[in-house]
Amino acid sequence: MAQENEALITLRKAHIKGGDETVLYDVDMDIYPGDFVYIVGKVGSGKTSIIKTFIADYPLEKGKCYVCGYKVHNMRTRDIPLLRRKCGVVFQDFMLLTDRSVHDNLEFVLTATGWKKGPATEKRIEEVLAEVGLETKGHKMPHQLSGGEQQRVAIARAILNWPEVILADEPTGNLDSETADGIMKLFRKLNENFGTAVVIVTHDRNIFENYPGRVFVCADEHCTELSRDRGAIDLSITV
């Protein structure tokens, strides 16, 4: 999709921390509305730390980070929930509340972000379940769903508040290849139909070769974008 002038996410000379250690140095990155982006690398290379920096989970050691209009490098704690409403986050292990139904998982997020229980909330829950193909699953408990269905619920949860960007950390890591393919088609649909930017952290070569997008490689304590005219991709260093 064509880039707009103003980036949704910008890193400038950013030193990215992973826990107590600096894992990446001098990272420059711009992600624009409508982008479909991969961040790839070995386990421990810092790719997940970038996502956690975007949502102010990890502090930026040095440099600047702007996400959806917020200065993450100079952010007040009270503003972090506002930032996270603009970012739909999807995790590898789903992170659903196991003691309540699919419907109630989604309702919990809406009420926690300022919605009041009522027709508007019910309508939004119905809409997102339809978007992810789970119209008839609202009454189910998480343990009654397959892994792919649970991940679809997690994606539904992520898009409840019409985020400007979806940040997905190894979203297919616990899924078989056929189910993973369905999840990737869903991400692509959300990207193409709504213009939602999508950023996916992965080490699965099949994903970023079958569903092309911009690719940033984390290796040797740096993160660099592969050129668009790269031809064949050699990512053996990241697997």
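The lining of the largest pocket has 13 nonpolar, four polar and three charged residues. Here Ala, Val, Leu, Ile, Met, Phe, Trp, Tyr, Cys and Pro count as nonpolar, Asp, Glu, Lys and Arg as charged, and the others, Gly among them, as polar. The model is predicted, so local features need pLDDT of at least 70 and side-chain atom pairs pLDDT 80 or more, while totals for chains, interfaces and linings use all residues. Residues are numbered from 1 along each chain as its sequence is written, and side-chain values use heavy atoms, without hydrogens and water.

The largest pocket holds about 650 Å³ of space. Of its 20 lining residues, R84, C87, V109, T113 and R157 are the closest to the centre. Two or more lining residues come from each of helix 2 (80–85), strand 6 (87–90), helix 3 (102–112) and helix 5 (147–158). Helix 3 gives the largest share, four residues. Helices (H or I, at least four residues) and strands (E, at least two) are DSSP runs, numbered from the N terminus.

Helix 3 also meets helix 4 (residues 119–131). Their axes come within 10 Å and cross at roughly 120°. The crossing is right-handed.

Now turn to helix 1 (residues 47–54). Six of its eight residues are buried, so the rest of the structure largely encloses helix 1. Buried means under 20% relative accessible area with a 1.4 Å probe, protein chains only. The buried residues are K47, S49, I50, I51, T53 and F54. Just after helix 1, A56 takes a positive phi of about 60°.

How values were computed. Buried means under 20% relative accessible area, exposed over 50%, partly exposed in between (1.4 Å probe, protein chains only). On a 1 Å grid over the protein atoms alone, a cavity is a set of points where a 1.4 Å probe fits but cannot get out, and a pocket is an open set with protein on both sides within 12 Å along at least five of seven lines; lining residues have an atom within 4 Å of a point. Grid points are joined across faces, edges and corners, and a volume is the space filled by probe spheres set on the points. Axes are lines fitted to C-alpha atoms, for helices over the stretch in contact, and angles run from 0 to 180 degrees between N-to-C directions. A crossing is left-handed if the near helix is turned anticlockwise from the far one by less than a right angle, and right-handed if clockwise.
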